[in-house]
Amino acid sequence: YSLGIISVVEKFVIVGFPSLQPEYFDLVAWFFFFLYVTTVVGNLLLVVVFALEHSLQKPMYIIMVSFSTVALPKLIARYWWNDGSLGFHTCLFQEHMIHYFGSLNSLILLTMALDRYLAICFPLRYPMVMTNQTMTGLTLFCWVVAHIFSGISTINFAMMPFCGPNQIIHAFCDTMSLTPLVCGDSRQGFRAAFATAMFILYVPLAFIIFSYICIIISVLGMGRMKTFSTCATQGCIISIYYIPRFFVYSTPFFPNLTMTPDKRIATTLFYSLFPPLINPFIYCLRTKEIKQIFRRWVQKRKGITPTKHGQIVAMTMSH
């Protein structure tokens, strides 16, 4: 049962890539397991660094600790043990969390763009406006508001009847994969979910584009071309996040634009998994403060400490 509406389907089955041959299941499972472990370990390492180092507890780093791997465990189980079954409400919960983290990422990217906009265009006011308390409040606001947008889609599906096929031709439960399984006309529900997704994705994108245009104009006016390097990382992540989503969500509305299920699943996994996977590498390699902290940790492990003048000397070890 689902909010008083009878739903014959009690569980769904994650199919994954429909064209994938069984002899490649183990290889795919190991691949996603490697992505899962790398993503979790890398992001947890960032969280530990931020927690231990007070110098990093400032606005531009607070927003980096949001990450998720909601879909991978069940996808790994599907290919490792042929266990792709999900209970009805478990599938709805996964659908909610998938869209929640998608909405959250969009709002977080907006917050990061706002942070860079204030830092570059209003450098004198930035320390007073964008304090740690302000950034923490904005981040918490994003975490709460994201539930509202994903909740609209979840409530719609919870009220719809599922009485036929239960195989989800996708890597996880989401709006695109659940809509074809609804009994009767699901176009109205899909339109509502689509409008919500477009709003939470592209309204922040419009503000992000506006902020970067202002940043470019400000940097060109000041002649500080090196400042672009602080925005290059975010620009790459924004492109990876938004462009593939546009093609996946817009395909049903363009008759000449078609995507096979395998291509759609691969594209969805790319924009869902790639940003949290590369976040630790990008920020550790491109952020000078984080690199200095790791260098200092390594030096301490080797018994080396920097002097006040920046020279490196060996520590005397007592026996």
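This briefing covers the helices, aromatic pairs and cysteines of the structure shown above. The model is predicted, so local features are reported only where pLDDT is at least 70, side-chain atom pairs count only at pLDDT 80 or more, and totals for chains, interfaces and linings use all residues. Residues are numbered from 1 along each chain as its sequence is written, and side-chain values use heavy atoms, with hydrogens and water left out. One disulfide, counted as a pair of cysteine sulfur atoms within 2.5 Å, is found in a search of the whole structure, which gives 1 in total.

**Annotated spans**

- The unreviewed UniProt entry carries the annotation "transmembrane region" for residues 27-52, 59-77, 97-118, 138-159, 199-220, 227-244 and 264-285; such annotations may be inferred rather than shown by experiment, and their positions are given in the numbering used here, with feature names shortened.
- Residues 27-52 are 100% helix and 0% strand, with 37 Å between the end C-alpha atoms, where helices (H or I, at least four residues) and strands (E, at least two) are DSSP runs numbered from the N terminus.
- Residues 199-220 are likewise 100% helix and 0% strand, and their end C-alpha atoms lie 31 Å apart.

**Helix 4 against helix 6**

- The axes of helix 4 (residues 88-121) and helix 6 (residues 132-158) come within 8 Å and cross at roughly 145°, the axes being lines fitted to C-alpha atoms, for helices over the stretch in contact, with angles running from 0 to 180 degrees between N-to-C directions.
- The residues of this contact divide into 15 nonpolar, 10 polar and 2 charged, where Ala, Val, Leu, Ile, Met, Phe, Trp, Tyr, Cys and Pro count as nonpolar, Asp, Glu, Lys and Arg as charged, and the others, Gly among them, as polar.

**Helix 3 and what follows**

- Helix 3 (residues 72-81) is largely enclosed by the rest of the structure, because 7 of its 10 residues are buried; buried means under 20% relative accessible area, exposed over 50%, and partly exposed in between (1.4 Å probe, protein chains only).
- The buried residues of helix 3 include Leu72, Lys74 and Arg78.

**Aromatic pairs**

- The count comes to 13 aromatic pairs, with rings of Phe, Tyr and Trp (its six-membered ring) pairing if their centres lie within 6.5 Å, and with planes under 30 degrees apart counted as stacked, over 60 as edge-to-face and the rest as tilted.
- Phe12 and Phe88 form a stacked pair, 5.8 Å centre to centre with 25° between the planes, and this pair links strand 1 (residues 11-14) to helix 4 across 76 residues.
- Trp80 is partly exposed at 24% relative accessibility, whereas Trp81 is exposed at 63%.

**Cysteines**

- Cys91 and Cys173 form a disulfide with their sulfur atoms 2.0 Å apart, and with -120° about the S-S bond the link is left-handed.
- The link joins distant parts of the chain, 82 residues apart, with Cys91 in helix 4 and Cys173 in the loop between strand 3 (167-168) and helix 7 (175-178).
- Cys91 is buried with a relative accessible area of 0%, and Cys173 is buried with a relative accessible area of 0%.
- The sulfur of Cys121 is 5.9 Å from its closest cysteine sulfur, in Cys214, which is too far for a bond; Cys214 is buried, with a relative accessible area of 18%.
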